[in-house]
Amino acid sequence: QVQLVESGGGLVQPGGSLSLSCAASGSIFSIVAMGWYRQAPGKQRELVATINAGGATNYADSVKGRFTISRDYAKNVVYLQMNNLKPEDTDVYYCNGKIYSSMTSWDDLWGQGTQVTVSS
């Protein structure tokens, strides 16, 4: 069974920076893509950034130029560096992984979520 465990997050002032990390562990055959999504209460979960097996990245327009997603392929860890944070970035951030546990079995997995609060 594969699990995603997130760390990071917290409270930061506007203009500040935070870093999130998400480690995939368990029976991993291969990872198609990993990414970060966020969700505010009463709203749908939305894409923040993704990175695929080849290293191609995709960002929401609202975070382009401020957030950077990266991945440690050896450790199965994905990172999200968030700079110049704004109050509207306040949300619960979820790690996502599309992971094969065998040649024929894959799952769309989610982490437990971590709170990011941007406030003065």
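Let us start with strands β7 and β8 (residues 77-82), which pair in the antiparallel sense over six bridges; two strands count as paired if DSSP finds at least two bridges between them. Strands here are DSSP runs of E with at least two residues, numbered from the N terminus. Within this pair, Ser70 stands opposite Tyr79 in β8. The model is predicted: local features need pLDDT of at least 70 and side-chain atom pairs count only at pLDDT 80 or more, while totals for chains, interfaces and linings use all residues. Residues are numbered from 1 along each chain as its sequence is written, and side-chain values use heavy atoms, with hydrogens and water left out.

Now step back to the sheet around this pair. It is an open sheet of four strands with antiparallel pairing, in the order β1-β3-β8-β7. Its edge strands are β1 (3-8) and β7 (67-72), each pairing on one side only.

Strand β8 also holds Gln81. This residue counts as partly exposed because its relative accessibility is 30%, and that class lies between buried (under 20% relative accessible area) and exposed (over 50%), using a 1.4 Å probe and protein chains only. Gln81 and Thr68 are 13 residues apart along the chain, yet their C-alpha atoms are separated by 5.1 Å. Leaving aside residues up to four places away in sequence, Gln81 touches Ser17, Leu18, Ser19, Arg66, Phe67 and Thr68, where contact means heavy atoms within 4.5 Å.

Glu6 is buried yet has no salt bridge, and the nearest side chain of opposite charge, Arg45, is 7.6 Å away. A salt bridge would need a side-chain nitrogen of Lys or Arg within 4 Å of a carboxyl oxygen of Asp or Glu; Lys and Arg count as positive, Asp and Glu as negative, and His and the chain ends are not counted. What Glu6 does have is a polar atom of its side chain 2.6 Å from the backbone nitrogen of Gly113. Beyond four places in sequence, the residues that Glu6 touches include Cys22, Trp36, Cys95 and Gly113.

Trp36 leads us on to β4 (residues 30-39), where its bridge partner in β9 is Cys95. Seven of the ten residues of β4 are buried. Strand β4 pairs in the antiparallel sense with β9 (residues 91-100) over nine bridges, and with β5 (residues 46-52) over six bridges. In β5, Thr50 is the bridge partner of Gly35. Finally, β4 and β5 form a hairpin with six residues between them, and in its turn Gly42 has a positive phi of about 80°.

Note on methods:
A polar contact is a pair of N or O atoms within 3.5 Å; within protein, one must be able to donate a hydrogen and the other to accept it, and residues adjacent in sequence count only if both atoms are side-chain atoms.
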